Amino acid sequence: MRPSCRLLAQASSAGSTNAGLRPALALLPPIPLYRRLFRAHRKHLPAEMRLLGDEYIKAEFRSHRETENPAHIIGFLTEWQLYAQKIEGDAWQGEKIDPAKIEKMSDQQMGQLYELMQAIRKHSADEGEGEA
């Protein structure tokens, strides 16, 4: 992922030129956003969730490191920044995924989501057995 300062500036000012639209989210550059995500996990997540989340952040940022398409970069950074805001505000607990986002997911993304669901269920089952 090699966004230039010009690309990020365009992304953050894109919505401000249209009077009728809500202002665009001011995007953080990748490195500060990466750090913010880890900080949010450290402050707001329990240890076992933090471990899973930290590994996922590392894997996603590594896999998108070489992305050249500006639209993909902006989408990637926007979604991670929204995620950071939700974690910091504790608004994520019990929230369901937007059906429109699910419809836009590729087969690979759906597979990843399914694997995540299985890991969460397994963790919950293991935790339930330990308390019995």
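The model is predicted, so local features are taken only at pLDDT of at least 70 and side-chain atom pairs only at pLDDT 80 or more, while totals for chains, interfaces and linings use all residues. Residues are numbered from 1 along each chain as its sequence is written, and side-chain values rest on heavy atoms, with hydrogens and water left out.

A pair of aromatic rings is described by the distance of the centres and the angle of the planes. Here, rings of Phe, Tyr and Trp (for Trp, the six-membered ring) pair if their centres lie within 6.5 Å; planes under 30 degrees apart count as stacked, over 60 as edge-to-face and the rest as tilted. Searching the whole structure in this way gives seven aromatic pairs. One of them joins Tyr34 and Phe38 in an edge-to-face arrangement, with 4.7 Å from centre to centre and 80° between the planes. Both Tyr34 and Phe38 belong to helix H2, where four residues, about one turn of the helix, separate them. Helices are DSSP runs (H or I, at least four residues), numbered from the N terminus. Tyr34 is partly exposed because its relative accessibility is 25%, whereas Phe38 is buried at 17%.

A tilted pair is formed by Phe61 and Trp80, because their ring centres are 5.9 Å apart and their planes stand at 50°. Phe61 lies in helix H3 (residues 47-63) and Trp80 in helix H4 (residues 70-89), so this pair ties together parts that are 19 residues apart in sequence. Phe61 is buried, with a relative accessible area of 10%, and Trp80 also counts as buried, at 10%. Stepping back, ring pairs link Tyr34, Phe38, Tyr56, Phe61, Phe76, Trp80 and Tyr83 into a cluster.

Charged side chains come next. Side chains of opposite charge can pair when their charged atoms come close. A salt bridge is taken as a side-chain nitrogen of Lys or Arg within 4 Å of a carboxyl oxygen of Asp or Glu, and the count by this rule is five. Among them is the bridge between Asp54 and Arg50, with an N to O distance of 3.5 Å. Asp54 and Arg50 sit four residues apart in helix H3, so about one helical turn separates them. Asp54 counts as buried at 12% relative accessibility, while Arg50 is partly exposed at 31%.

Another bridge joins Glu79 to Lys101, whose closest N and O atoms are 3.0 Å apart. Because Glu79 lies in helix H4 and Lys101 in helix H5, the pair ties together parts that are 22 residues apart in sequence. Glu79 is partly exposed, with a relative accessible area of 39%, and Lys101 is partly exposed as well, at 38%. In helix H6 (residues 107-131), Asp126 and Lys122 are four residues apart, about one helical turn, and they form a salt bridge with closest N and O atoms 3.5 Å apart. Asp126 is partly exposed at 39%, but Lys122 is exposed at 55%.

The surface also carries patches, made of residues with over 30% relative accessible area and no salt bridge; like charges are joined within 9 Å and nonpolar side chains (Val, Leu, Ile, Met, Phe, Trp, Tyr) within 5 Å. Accessible areas come from the Shrake-Rupley method with a 1.4 Å probe, and for residues only the protein chains shown count as cover. Lys and Arg count as positive and Asp and Glu as negative, with His and the chain ends not counted; each charge is placed at NZ of Lys, CZ of Arg, CG of Asp or CD of Glu. Arg35, Arg39, Arg42 and Lys43 form a positive patch. Arg42 lies in helix H2 (residues 30-44) and is partly exposed at 48%. A nonpolar patch of about 260 Å² is made by Leu52, Leu116 and Ile120. Of these, Leu52 is found in helix H3 and is partly exposed, with a relative accessible area of 46%.

Finally, Asp90 is located in the loop between H4 and helix H5 (99-104). Asp90 and His44 are 46 residues apart in sequence, yet 7.5 Å apart in space, C-alpha to C-alpha. At 41% relative accessibility, Asp90 is partly exposed.

Methods
Helices (H or I, at least four residues) and strands (E, at least two) are DSSP runs, numbered from the N terminus. Buried means under 20% relative accessible area, exposed over 50%, partly exposed in between (1.4 Å probe, protein chains only).
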